[in-house]
Amino acid sequence: MKTQSSATALPAIAVTTPRTNGLGTLQAALGVGAFSLTFPATAWGLEGFGPWALVAVRSVLAGLIAGGCLLALRVPPPARRHWAGLAVVAAGVVVGFPLLSTLALRTSSTAHAAVVVGLLPLTTALLSALRVGSRPSRTFWAAALVGAGAVVAFTVQQSGGALTTADLYLFGALLVCAAGYTEGGRLARVMPGWQVIGWALVCCLPLAVPAAALALAHEPVRLTAHSVTGLLWVSAGSQFLGLVVWYRGMAAIGIPKASQLQLAQPLLTLVWSVLLLGEHVTPAAPLTAAAVLVCIAVTQRARG
């Protein structure tokens, strides 16, 4: 009887009031703000850590933070049926995206990486339609495609029309991250968002700890203010806190609409790349920003 009651209660979780929608949009936007600092923070971290060490250590630190919160609040382990989904989240957003994007940033600027990853919203919406059966309206898809097209045009203009090894890493990162976002957004409808990423991080600890020890032993480490700050941010800000509010936002307003808020992420990252890293941004950035913001407004109003 208990199992049956739980099953019948699940659809009610996905029903949101306008007030909840507003809060969900704010939470998703906060997540985007946190993610926009990931690439600049990663670039700082690479000043003192090797790529493998940076990814492994950030996973360990984030896992310890998440595990501590779960333990302190005495959160029981998820039901067995949820562990497969948590494994997808772990593979996508805890391991796959951080590793592939970090490898890309060894040779790519954060500005270039940001605009390539700007395709993430459309990729997430597509996987969401396949995975959870969401059916956004034609207006939604049209605006999403226009936004993605603007990002692609900006990317081609920046790279001179030639794809690099870093671009291939970034496209791989797009796919695995979109899969993790989609599965995490689905799980966040049946458990708190912070527990989704919390358990995913804890899942990775048995692999992350020995990987960190091995990487630190074979890659040079140079502790500086930048490298330590970058490591701390990608561990606590991007890997845990940002994903907590992001998954809560996706659960409240739906995966497709939340994903479209990420169209603003590459533009925010461009700002941080200038302010924090001193990178040069071409005049095309304001035009891309205007097009992307219009697309965000349309997708948020479109109903599926």
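Analyst: Helices (H or I, at least four residues) and strands (E, at least two) are DSSP runs, numbered from the N terminus. L223 is located in the loop between α10 (193-218) and α11 (225-253). The model is predicted: local features need pLDDT of at least 70 and side-chain atom pairs count only at pLDDT 80 or more, whereas totals for chains, interfaces and linings use all residues. Residues are numbered from 1 along each chain as its sequence is written, and side-chain values use heavy atoms, with hydrogens and water left out.

User: Is L223 buried or exposed?

Analyst: Buried means under 20% relative accessible area, exposed over 50%, and partly exposed in between (1.4 Å probe, protein chains only). L223 has a relative accessible area of 63%, so L223 is exposed.

User: Which residues make the nonpolar surface patch?

Analyst: Patches consist of residues with over 30% relative accessible area and no salt bridge; like charges are joined within 9 Å, and nonpolar side chains (Val, Leu, Ile, Met, Phe, Trp, Tyr) within 5 Å. The areas come from the Shrake-Rupley method with a 1.4 Å probe, and for residues only the protein chains shown count as cover. Here L216, V221, L223, V228 and L232 make a nonpolar patch of about 420 Å².

User: Where does α10 bend?

Analyst: The bend at a residue is the angle between axes fitted to the seven residues ending there and the seven starting there. In α10 the bend is about 50° at L205, and a proline, P206, follows within four residues.

User: How many salt bridges are counted?

Analyst: Side chains of opposite charge can pair when their charged atoms come close. A salt bridge is a side-chain nitrogen of Lys or Arg within 4 Å of a carboxyl oxygen of Asp or Glu. The count is one salt bridge: R186 pairs with E183, with 2.5 Å between the closest N and O atoms. Because R186 and E183 are three residues apart in helix α9 (residues 165-187), about one helical turn separates them. R186 is partly exposed at 28% relative accessibility, while E183 is buried at 6%.

User: How many aromatic pairs does the structure hold?

Analyst: Rings of Phe, Tyr and Trp (its six-membered ring) pair if their centres lie within 6.5 Å; planes under 30 degrees apart count as stacked, over 60 as edge-to-face and the rest as tilted. The structure holds six aromatic pairs. One of them is F35 with W246, edge-to-face because the ring centres are 5.9 Å apart and the planes are at 75°. F35 lies in helix α2 (residues 18-36) and W246 in helix α11, so this pair ties together parts 211 residues apart in sequence. Both F35 and W246 are buried.

User: What is the geometry of the pair formed by F39 and F97?

Analyst: F39 and F97 are stacked, at 6.2 Å centre to centre with 15° between the planes.
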